[in-house]
Amino acid sequence: MSDVVILGAGMAGLGAAHRLRAEGVPSVIYDKNSYPGGHAASFRHGDFTFDDGPHVSFTRDPRVQQLFADAVGGRYEVIQTQVDNYWRGHWIKHPAQCNLHGLPTDLVVEVIQDFVNARGRPEDAANYEDWLIRTYGETFARTFPMVYGQKYHTATASAMTTDWLGPRLYRPSLEEVLRGALEAKTPDVHYVDHFRYPTDGGFAAFLTDFVRDSTLQLERTVESIDPTTRTVTFADGRTVSYRRLISSLPLPELIPRLVGAPERVRAAAEELACTSCVLVNLGVAREGVARAHWSYFYDEDLIFTRLSAPHLLSPNTVPPGASAIQAEIYYSKKYRPRILDVDAHIEPVIQDLRKVGLLRDDDEILHRNASLIPYANIIFDHDRPKALETLFAYLDELGIATCGRYGRWGYHWSDESFLSGEGAAASILETHE
């Protein structure tokens, strides 16, 4: 019997264990992987370190900042963010709506005309497409964010809601648009103006203290959960009993494992959509391969949606004289299914990197690998709100607390996932005082 069982040793699960430990409540974390960290894990490939997708810490929460800093003994980089965009041979400072300088004149004129003539309150938009057109005008919306959005989310903008936006898409004034069209140099207005990253060990180093202080059981895949007997059975046949349960498992993975879950609840879980991501990691025998920490690509004929540059996060992620690139390619079961060999993405990525001028024909590739992230980003489509209402009502009845990006099915950044885990721990403490 464990007082509290936590499923998933990612950022959220570790956050839950941290909060419980502070209250003197013991817990055990179970995870299917052979390593802790979940999507915040980092992997060493020879002399190169790659995270499980791009991760940086830009939390403004002083307490979380201190926790992460303590975990790496104060050894972290503070980095001024550099972000850019690529469209049809043009490299554009981010965000593109404020940096139209150098684009074709006819396009710039149409963008500004439509921006001036945009009507209606974005807050009243019926969907993401409507929001984009109301905010930026038709030309910019259809040329840039709607194209990128479909590459990233796989769903059309009209299929998506707007409750995920937050500060992610900057809304400029007319003066900012005009100055960005006339002048090459503009102020930085990205919502992430600087961030922190561990000097050694990749992003996962920020989890060092939480992993050390938690009780972990790795390589334990959940087979079933019986909320009546309060037991969790694992694929290896072992069973553990619990008084209270916290789960950061993806909801479409959790619900089918709940013994006795009604068909309406199972059906709601099947309505949830997310992207899967193929990551292609490349190590290159040349410095300065990428110019930005991450770059967005709008051209539909380019295989990757976004690139990040690990060597710009810390010099210790690559060997001396080398650079690294991580490319993201997105699919989804609901909107863009694709059955391909994961490794088959590597060569097309290299070819397109040459096409956009980041790789040279004579560049030596020191490392290459590809991996699949089954759960990447939540798709905020119109089926999501009603499905979550059904699922959370049922989980509340069972007394199962959920946390994290996939347990809450939200757009959680790393610190938000950690805080979500703490919140789940607080909820079961309050319920069972």
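1. In this predicted model, K93 and D188 form a salt bridge in which the closest N and O atoms are 2.8 Å apart. K93 belongs to strand 7 (residues 90–93), while D188 lies in the loop between helix 7 (174–182) and strand 8 (194–198), so the pair ties together parts that are 95 residues apart in sequence. The two partners may also be described by their accessibility: K93 is partly exposed, with a relative accessible area of 26%, and D188 counts as exposed at 55%.

2. The count of salt bridges comes to 24. One of them joins E123 and R171, with the closest N and O atoms 3.1 Å apart. This pair links distant parts of the chain, 48 residues apart: E123 is in the loop between helix 3 (105–117) and helix 4 (128–136), and R171 is in the loop between helix 6 and helix 7. R171 is partly exposed, its relative accessible area being 42%.

3. D124 is partly exposed, at a relative accessible area of 46%.

4. D84 is buried yet has no salt bridge; R291, the nearest side chain of opposite charge, is 4.2 Å away. The side chain of D84 does make a polar contact of 2.5 Å with the side chain of S295. Beyond residues up to four places away in sequence, D84 touches several others, including W91, H94, R291 and Y296.

5. Aromatic pairs number 31 in the whole structure. F48 and F50 form a stacked pair, at 6.3 Å centre to centre and with 20 degrees between the planes. Both residues count as buried, F48 at 4% relative accessibility and F50 at 1%. One aromatic cluster has among its members W87, W131, Y136, Y296 and Y330.

6. Charged groups also lie over aromatic rings. R168 is placed over the face of Y411, 3.6 Å from the ring centre. The charged end of R408 sits over the ring of F392, at 3.9 Å from its centre.

7. Q150 is located in helix 6 (residues 145–153) and is partly exposed, with a relative accessible area of 38%. Setting aside neighbours within four places in sequence, Q150 is in contact with A155 and T156.

Conventions: Residues numbered from 1 in each chain as written. Predicted model: local features only at pLDDT ≥ 70, side-chain atom pairs only at ≥ 80, totals over all residues. Heavy atoms only, no water. Buried < 20%, exposed > 50% of the residue type's maximum accessible area, 1.4 Å probe, protein only. Lys, Arg positive; Asp, Glu negative; His and termini not counted. Salt bridge = Lys/Arg side-chain N within 4 Å of Asp/Glu carboxyl O. Polar contact = N/O pair within 3.5 Å; in protein donor to acceptor, adjacent residues only side chain to side chain. Contact = heavy atoms within 4.5 Å. Phe/Tyr/Trp six-rings, centres within 6.5 Å; stacked < 30°, edge-to-face > 60°. Lys NZ or Arg CZ within 6 Å of the ring centre and 35° of its normal. Helix = DSSP H or I, 4+ residues; strand = E, 2+ residues; numbered from the N terminus.
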